[in-house]
Amino acid sequence: MWKQVPALCRISQRTISTASRRQLDNRVSENQKLFQEDNGLPVHLKGGAKDSMLYRTTAGLTLLGTMYAVYYLLVSSMPKKPN
């Protein structure tokens, strides 16, 4: 069984290294220009509508979670009714 381990290692390396790689465009300079321009927006909203929606969703969920926690703090602070 131990004799098969080196062969398995060679096969796995070969399949990984010879796999076709998808070429991606380097868009770092475009993103740098976008985030460095002075348009009065905070950096967490400069990505456009997607960032704005993510920000509003996060803020809304945070608000709902805070209200839920305060509600249960109030409920747990009230004395229980005797049966």
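A residue counts as buried when its relative accessible area is under 20%.

**Figure 1. The whole protein chain in a predicted model.** Of the 83 residues of the chain, 1% are buried. The chain exposes about 8,500 Å², and carbon and sulfur atoms supply 61% of that area. It has three helices and zero strands, in the order α-α-α along the sequence.

**Figure 2. Confidence along the protein chain.** The mean pLDDT is 86, and 89% of the residues reach 70 or more. Helix α1 (residues 4-17) has the lowest confidence, with a mean of 69. Helix α3 (residues 49-77) has the highest, at 96.

**Figure 3. Residues 53-74, listed in UniProt as "transmembrane region".** The listing comes from an unreviewed entry. In the model, this stretch is 100% helix and 0% strand. The C-alpha atoms at its ends are 32 Å apart.

**Figure 4. Aromatic pair Y68 and Y72.** The structure holds two aromatic pairs. In the pair of Y68 and Y72, the ring centres are 5.0 Å apart and the planes meet at 65 degrees, so the pair is edge-to-face, a term for angles over 60 degrees. The two residues are four apart in helix α3, so about one helical turn separates them. Y68 is exposed, because its relative accessibility is 54%, whereas Y72, at 43%, is partly exposed.

**Figure 5. Aromatic pair Y71 and Y72.** The ring centres of Y71 and Y72 lie 5.1 Å apart, with planes at 85 degrees, so this pair is edge-to-face. Y71 has a relative accessible area of 48% and is therefore partly exposed. Y68, Y71 and Y72 form one aromatic cluster.

Note on methods. Residues are numbered from 1 along each chain as its sequence is written. This is a predicted model: local features need pLDDT of at least 70, side-chain atom pairs count only at pLDDT 80 or more; totals for chains, interfaces and linings use all residues. Side-chain values use heavy atoms; hydrogens and water are left out. pLDDT is the predictor's confidence in each residue, from 0 to 100. Buried means under 20% relative accessible area, exposed over 50%, partly exposed in between (1.4 Å probe, protein chains only). Accessible areas come from the Shrake-Rupley method with a 1.4 Å probe; for residues, only the protein chains shown count as cover. UniProt positions are given in the numbering used here, feature names are shortened, and annotations may be inferred rather than shown by experiment. Rings of Phe, Tyr and Trp (its six-membered ring) pair if their centres lie within 6.5 Å; planes under 30 degrees apart count as stacked, over 60 as edge-to-face and the rest as tilted.
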